[in-house]
Structure formats: C-alpha cells, structure tokens
Amino acid sequence: MTDLLAVGLNHKTAPVELRERLAFGTDDLRAAIAALRARAGLAELMLVSTCNRVEVYAAGPSWARGAEQVLQALAELRGVSLAELQAHTFVRGDQDAASHIFRVAASLESMVVGEPQILGQVKEAFELAQREGSVGGLLERCMSSAFRAAKRVRSETEIARGAASVPSVAVDLARSIFGELRGCGALLVGAGEMAQQAGQHLKAGGVAELTVVNRSEPRGQALAAEIGGRYAPWDQPERSCGAPTSSSPAPARSCR
C-alpha cells in the first residue's frame with residue numbers, strides 16, 4: 001500500500017527569513033527533485049517552491065517515515081538545522097495530505113485567498129516532476145483531481161470575483177496610504193515573480209520611476225528593462241534612493 005504525503009512550510013507556519021533560505025530557484029528545481037528523491041528514498045515526489053511556500057508532495061510506503069526523510073533531506077540541502085526546520089513545518093498524510101493539496105491548488109491556502117497565480121505554479125511543479133520521471137499513479141490521480149477541483153472552485157463559486165494577488169494588494173495599500181501614485185518613484189527589492197508583478201501594477205498605477213535592487217545584477221537589470229525601470233547595485237544603496245546621475249533625470253517625488 002502507498003501513502004500520500006504533504007510536508008513543508010508556508011507563510012502560515014514559517015517566517016519569511018526561513019522561507020527564503022529554503023526556497024529553490026527555477027534553475028535549482030530539477031536537481032532538488034533528484035536529490036530529494038534519492039535522500040528520502042521516495043519514488044514519487046514533486047516540489048512546489050514559491051515566495052510563500054516550499055512544499056513537497058510525495059508517495060511512499062509510510063507517510064510518517066517519508067516526512068522524516070524529506071525534512072532531513074531539505075535540512076541537508078539548504079544548510080538548515082533539522083530542529084529549526086521541524087519547528088516551522090507541517091506534515092500531513094493520506095486524506096489530510098490530499099485535502100491540503102486540493103486547498104493549495106484552489107488558492108484557499110494563499111496569503112490572498114482567490115489569487116490566480118498558485119494554480120499555475122502548482123501545475124508547473126507537477127509538469128516538471130513528470131518530465132523528471134518522479135510522478136507515479138498516486139500523484140497523477142491526486143494532482144489531476146486537484147486541478148479539476150480548482151477549476152470548478154473558480155468557475156462555480158465567488159472566490160475569483162475581484163481576485164487579487166499579493167502585489168496588487170500591496171499597491172492598493174500604498175495608494176491608500178500615499179494617495180495618488182502618479183509621478184511617484186518606487187523601489188523594488190528583489191527580481192522574482194512578485195517583484196515583476198508589483199512593478200507592473202505600480203506602472204499601471206502611474207508611478208513615474210521604478211528602481212530595481214537585486215543581489216543578482218543580471219536578473220535585476222533584466223527586470224528593470226522589462227518594466228521600464230532602472231537597476232541599482234545591491235551594495236550601493238545610495239544609488240537606490242533617486243539620486244540623479246549624469247545619465248538619468250532628476251528623481252520623481254518619493255511620496256513619503
């Protein structure tokens with residue numbers, strides 16, 4: 001008999017500092033899946049890694065034992081103590097695991113309930129696991145059912161009405177504090193998906209100047225070019241605050 005397992009951490013269980021240490025970038029996911037399967041001894045396994053969650057859905061002979069192995073593997077891979085990880089993770093097996101997976105796919109576990117991005121992120125994680133050969137019969141049935149249920153939730157309930165993302169909520173909050181954003185300048189720290197979406201919402205809201213600060217210069221420059229902003233080096237914060245340079249216009253008002 002094969003058990004279903006869901007184990008990991010999210011915005012409800014762990015602080016952002018720990019989530020950042022556990023997160024896997026797009027380029028790391030394939031290697032992470034292989035390493036987790038090998039270290040945990042699980043044939044079926046997929047990894048969902050977003051800014052708000054790092055969760056493993058897997059199948060094995062014992063969900064309790066599988067959870068221990070997955071957490072040990074995550075601790076070793078990310079250089080985090082097992083005790084610290086265990087203090088901030090959840091573990092669910094069988095029906096509880098299936099219920100959690102369904103709720104995540106339907107955006108019921110999201111920071112902003114009803115946001116549409118999570119379904120696509122879970123689908124991408126599943127498709128990657130399929131390509132890596134780490135999906136078997138149990139995960140296939142569970143995820144296919146979860147995706148169908150998520151579509152029904154969005155089409156047959158009111159959850160999607162006025163659905164918002166975390167970046168859109170953040171921009172709405174900024175507007176409620178500062179008022180009109182037109183002509184303002186804004187600083188984006190990071191160059192991931194959330195920063196990209198925030199930049200798009202800020203531009204749509206009329207922000208005049210966007211500055212991107214990121215540890216990886218190529219990613220920061222790429223996002224700045226995409227959203228029509230400028231990049232500032234991570235280790236030169238004074239260049240992030242709107243100080244004019246010989247090749248740039250005077251900074252927009254800060255709206256402080």
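Predicted model: local features only at pLDDT ≥ 70, side-chain atom pairs only at ≥ 80, totals over all residues.
**Entry 1: H8 and H9.** I began with this pair and found that the axes of H8 and H9 come within 8 Å and cross at roughly 45°. That makes H8 oblique to H9. I noted the scheme: angles under 35 degrees count as roughly parallel, over 145 as roughly antiparallel, 65 to 115 as roughly perpendicular, and the rest as oblique. Axes are lines fitted to C-alpha atoms, for helices over the stretch in contact, and angles run from 0 to 180 degrees between N-to-C directions. Helices are DSSP runs (H or I, at least four residues), numbered from the N terminus.

Residues are numbered from 1 along each chain as its sequence is written, and side-chain values use heavy atoms, with hydrogens and water left out.

Back to the pair: H8 crosses H9 in a right-handed way (the near helix is turned clockwise from the far one by less than a right angle). Which residues of H8 meet H9? I listed Val 166, Pro 167, Ser 168 and Val 171, facing Met 194, Gln 197, Ala 198, His 201 and Leu 202 in H9. Contact means heavy atoms within 4.5 Å.

**Entry 2: H9 and H10.** Next I followed H9 (residues 193-204) to H10 (residues 217-227); their axes come within 10 Å and cross at roughly 25°. H9 and H10 are therefore roughly parallel, and their crossing is right-handed. From H10, Leu 223, Glu 226 and Ile 227 meet H9 residues including Ala 195 and Lys 203.

**Entry 3: H6 and H7.** I then looked at H6 (residues 117-131) and H7 (residues 137-156), which pack at about 160° with axes 11 Å apart. H6 and H7 are therefore roughly antiparallel. Among the residues in contact are Phe 126 of H6 and Phe 147 of H7.

Methods: Helix = DSSP H or I, 4+ residues; strand = E, 2+ residues; numbered from the N terminus.
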